[in-house]
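Trainee: I'd like to learn how to read a protein model feature by feature. Could we go through one together?

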Amino acid sequence: MNYYETAQICKNGHVIDAVNELSDLAKSFCPKCGQGTIIKCEQCDSPIQGRIHIDSVITSNKLERSPAYCYNCGKPFPWTVSNLASINELLDLDDKLSDKEKDVIRECVPDLLAETPRTQVAVVKSKILMKKMGEDTFNAVKVSISGFASEVVKKALFN
Ligand SMILES: [Zn+2]
Ligand SMILES: [Zn+2]
């Protein structure tokens with residue numbers, strides 16, 4: 001039987017581990033940042049999908065990265081909400097980009113954090129504009145995006 005384990009993730013997006021609710025591996029708070037942890041979507045109560053078991057074989061050691069959105073209701077998880085908010089704040093602080101350019105990046109960010117049909121366009125657009133950002137903003141935005149984007153997006157944007 002193939003099934004997903006439930007993942008436990010802190011509200012800042014650190015993957016604690018793939019656990020089931022009764023496991024003694026479960027942690028109420030994140031050892032990395034002290035935030036409370038969740039195993040369910042807070043909007044619709046669906047369990048957060050962790051590792052996949054295929055014929056009882058665990059396919060990976062640990063969930064590679066936290067999912068950005070709930071597969072069941074489509075709402076962003078708490079770490080996605082705060083990540084989007086902090087990227088917005090960083091863009092506000094930047095004095096090199098025009099307001100219009102900042103808006104273009106704001107529109108791209110959700111497609112950088114999740115795989116969508118717009119991801120490639122978002123990568124190309126934001127790559128061009130990020131070159132115009134102030135260095136401090138760029139470095140901070142890079143950290144925010146890198147924490148949650150896929151390897152493919154990170155490579156395309158920052159290599
Ligand atoms: Zn944490
Ligand atoms: Zn949900």
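Trainee: Which residues does cysteine 108 touch, not counting residues up to four places away in sequence?

Mentor: Leaving those sequence neighbours out shows what the fold brings together. Cysteine 108 touches Ala122, Lys125 and Ser126. Keep in mind that this is a predicted model.

Trainee: Where is cysteine 108 found, and is it buried or exposed?

Mentor: Cysteine 108 is found in helix α2, which covers residues 99–113. For burial, count the neighbours: cysteine 108 counts as buried because it has 21 C-beta neighbours inside 10 Å, and the cut-off for buried is 20 or more.

Trainee: What is the secondary structure of the protein as a whole?

Mentor: The protein has five helices and five strands. Read from the N terminus, the elements run β-β-β-β-β-α-α-α-α-α. The C-alpha trace spans about 50 × 30 × 25 Å along its principal axes. Of the 159 residues, 26% count as buried.

Trainee: How is the protein divided into domains?

Mentor: There is domain 1 (3–58) and domain 2 (78–158). Their C-alpha centres lie 27 Å apart. To read the link between them, look at the contacts: four residues of domain 1 are in contact with four residues of domain 2. On the side of domain 1 that touches domain 2, the classes are no nonpolar, two polar and two charged residues.

Trainee: Which residues have the most contacts inside the largest nonpolar core?

Mentor: That core has 27 residues, and those with the most contacts inside it are Ile9, Val109, Leu112, Leu113 and Ala149. Next, ask who supplies the core: β1 (3–10), β2 (15–18), α1 (78–93), α2, α3 (119–130) and α4 (135–146) each give at least two residues. Helix α2 gives the most, with five residues. The core draws at least three residues from each of domain 1 and domain 2.

Trainee: What is leucine 112 in contact with, leaving aside its neighbours within four places in sequence?

Mentor: Leucine 112 is in contact with Thr119, Ala122, Val123, Ser126, Ile145, Ala149 and Val153.

Trainee: Which residues are buried in α1, and where do they fall as seen down its axis?

Mentor: An α-helix has 3.6 residues a turn, so residues three or four places apart point the same way. In α1, the buried residues are Trp79, Thr80, Asn83, Ile87, Leu90 and Leu91. Seen down the axis of α1, its buried residues fall within an arc of 110°, so they line one face of the helix. Ala85, Glu89, Asp92 and Leu93 are exposed on the other side. What covers the buried residues of α1 includes α2 and α4.

Trainee: How many residues does α4 have, and which of its residues are buried?

Mentor: Helix α4 has twelve residues and reaches 16 Å from its first C-alpha to its last, close to the 16 Å expected at 1.5 Å a residue. Its buried residues are Thr137, Val141, Ser144 and Ile145. Those of α4 fall within an arc of 90° seen down the axis, so they line one face of the helix. On the other side of α4, Glu135, Asp136, Asn139 and Val143 are exposed. The cover over the buried residues of α4 includes α1, α2, α3 and α5 (151–158).

Trainee: And the loops? What is the phi of aspartate 45, and why does it count as exposed?

Mentor: Aspartate 45 has a positive phi of about 70° although it is not a glycine. Its place is in the loop between β3 (37–38) and β4 (49–54). Aspartate 45 counts as exposed because it has 10 C-beta neighbours inside 10 Å, and the cut-off for exposed is 12 or fewer.

Trainee: Where is the place of glutamate 64?

Mentor: Glutamate 64 sits in the loop between β5 (57–58) and α1. Glutamate 64 is exposed, with 10 other C-beta atoms within 10 Å. Glutamate 64 and arginine 51 are 13 residues apart in sequence and 9.0 Å apart in space, C-alpha to C-alpha.

Terms used. Residues are numbered from 1 along each chain as its sequence is written. Chains are lettered from A and ligands numbered from 1 in the order in which they are written. This is a predicted model: local features need pLDDT of at least 70, side-chain atom pairs count only at pLDDT 80 or more; totals for chains, interfaces and linings use all residues. Helices (H or I, at least four residues) and strands (E, at least two) are DSSP runs, numbered from the N terminus. Two residues are in contact if their C-beta atoms, placed from the backbone, lie within 7 Å. A nonpolar core is a set of buried Ala, Val, Leu, Ile, Met, Phe, Trp, Tyr and Cys residues joined through C-beta atoms within 7 Å. Domain bounds come from an automatic or database domain assignment. The arc is that of the directions from the helix axis to the C-beta atoms. Ala, Val, Leu, Ile, Met, Phe, Trp, Tyr, Cys and Pro count as nonpolar, Asp, Glu, Lys and Arg as charged, and the others, Gly among them, as polar. The expected span of a helix is 1.5 Å times one less than its number of residues.
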